[in-house]
Amino acid sequence: MEAIKKHALVGDRLIHGEGTGYQDWLNWSGLDALQPLDIDACFPAGKRVLIVAPHPDDEILGCAGLLQQLAQLEREIVLVAVTNGTQSHPGSRVYTAEQLNSIRPAETQAALEVLGIQHVVSRLALNMMDGEVSSQQDRFYQALESLVKPEDILVCTFDRDGHPDHETTGKVVQQLANELQLSCYQVLIWAWHWAIPEDSRIPWNKALKLQLNPQQLAYKAQAIACFKSQLKPDQSTGRPPILSPQTIQRILMPCEVYICD
């Protein structure tokens with residue numbers, strides 16, 4: 001069997017095939033053993049929370065549970081959209097880049113409305129090019145630096161998540177957090193696909209588990225359903241949905257996991 005080639009940016013953290021199954025993760029004793037994320041202690045009153053999403057949908061796939069719990073605590077929440085996800089359907093006649101530039105932010109808005117938190121979340125768009133975040137790191141850093149206030153708490157994608165835009169976002173946000181001495185929480189999204197239980201490529205010793213109750217999980221599922229552009233096959237290209245049923249099932253585990261240095 002031919003060995004899988006490493007990607008120039010993400011190495012061996014490749015998103016291919018069906019990935020590790022939902023039940024495999026659920027049956028892993030290490031998941032139960034993760035330290036709980038104390039939301040009151042980690043996100044104290046009076047501090048603003050910036051959730052930095054590489055693409056519209058990442059804030060929901062990764063953080064829909066966190067968003068609901070922060071809203072219940074009446075925390076100030078700012079959603080920073082790095083890109084508008086315009087390159088998710090290359091060559092498509094159904095979803096052109098121009099159409100996606102408005103479709104995907106609208107899907108985020110619909111998802112926030114489903115969660116019932118649209119009135120407490122401010123959304124800012126950096127309008128960077130989807131798929132090219134790694135080549136725009138300086139611009140990204142400067143744009144983010146201009147938004148961040150002292151005492152902010154940053155949330156972003158894992159810097160080894162397996163998607164180039166996710167990894168670059170994680171690296172840039174963590175760099176800024178380190179330099180400004182801010183707290184930063186990196187959420188696992190695509191890592192659930194390529195990793196396996198006990199995977200040494202994930203620093204489980206730095207992982208915190210946010211438990212979701214059944215209602216929060218149900219709302220998360222309803223919010224994900226708002227991203228119709230990512231859930232339907234593309235008839236014009238013959239490509240399957242970006243978010244497969246297996247991907248959605250993994251994302252709907254009864255917890256979200258955040259890496260915190």
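The legends below describe close-up views of a predicted model.

**View 1. Leucine 67 in helix 4.**
Leucine 67 is part of helix 4, which covers residues 58-72. Its relative accessible area is 3%, so leucine 67 is buried. Apart from neighbours within four places in sequence, leucine 67 is in contact with Ile51, Glu59, Ile60, Ile77, Leu112, Ile117 and Val121. Leucine 79 lies 12 residues away from leucine 67 in sequence, and the two C-alpha atoms are 10.0 Å apart in space.

**View 2. Phenylalanine 43 and the largest nonpolar core.**
The largest nonpolar core has 42 residues. Which of them touch the most other members? They are Phe43, Ile60, Leu66, Val155, Tyr185 and Tyr258. Helix 4 gives the most to this core, contributing 8 residues. Not counting residues up to four places away in sequence, phenylalanine 43 touches Leu37, Val49, Leu66, Leu70, Arg75, Ile153, Val155 and Tyr185. Another core, of 20 residues, lies apart from the largest one, and its members include Leu50, Val52, Val172 and Cys184.

A disulfide is a covalent bond between the sulfur atoms of two cysteines. The structure holds 0 disulfides. For cysteine 63, the nearest cysteine sulfur belongs to cysteine 156 and is 8.9 Å away. A disulfide would need the two sulfur atoms within 2.5 Å, and cysteine 63 is in no disulfide. Cysteine 226 is in no disulfide either; its nearest cysteine sulfur is that of cysteine 63, 16 Å away. Are these two cysteines buried or exposed? Cysteine 63 has a relative accessibility of 2% and therefore counts as buried. Cysteine 226 is also buried, with a relative accessible area of 13%.

**View 3. Helix 5 packed against helix 9.**
Two packed helices are described by the angle between their axes and the distance between the axes. Helix 5 (residues 97-115) and helix 9 (residues 214-224) pack at an angle of about 155°, and their axes are 8 Å apart. Because of that angle, helix 5 is roughly antiparallel to helix 9; the cut-off for this description is over 145 degrees. The crossing of these two helices is right-handed. Where they meet, helix 5 supplies Ala111, Val114 and Leu115, while helix 9 supplies Tyr219, Lys220, Gln222 and Ala223.

**View 4. Helix 4 packed against helix 9.**
The axes of helix 4 and helix 9 cross at roughly 130° and come within 9 Å. The angle therefore makes helix 4 oblique to helix 9. This crossing is right-handed. On the helix 4 side, the contact is made by Ile60, Leu61, Gly62, Ala64, Gly65, Gln68, Gln69 and Gln72. On the helix 9 side, Gln216, Tyr219, Lys220, Ala223 and Ile224 take part.

Glutamate 74 is not a glycine, yet it has a positive phi of about 60°. Where is glutamate 74 placed? It sits in the loop between helix 4 and strand 3 (77-83). With a relative accessible area of 73%, glutamate 74 is exposed. Asparagine 127 is not a glycine, and its phi is positive at about 55°. Asparagine 127 lies in strand 4, residues 121-128. Its relative accessible area is 49%, so asparagine 127 is partly exposed; a residue counts as exposed at over 50%.

How values were computed: Residues numbered from 1 in each chain as written. Predicted model: local features only at pLDDT ≥ 70, side-chain atom pairs only at ≥ 80, totals over all residues. Heavy atoms only, no water. Helix = DSSP H or I, 4+ residues; strand = E, 2+ residues; numbered from the N terminus. Buried < 20%, exposed > 50% of the residue type's maximum accessible area, 1.4 Å probe, protein only. Contact = heavy atoms within 4.5 Å. Core = buried A, V, L, I, M, F, W, Y, C linked by side-chain atoms within 4.5 Å. Axes fitted to C-alpha atoms, helices over the stretch in contact; angles between N-to-C directions. Parallel < 35°, antiparallel > 145°, perpendicular 65-115°, else oblique. Left-handed = near helix turned anticlockwise from the far one by under 90°.
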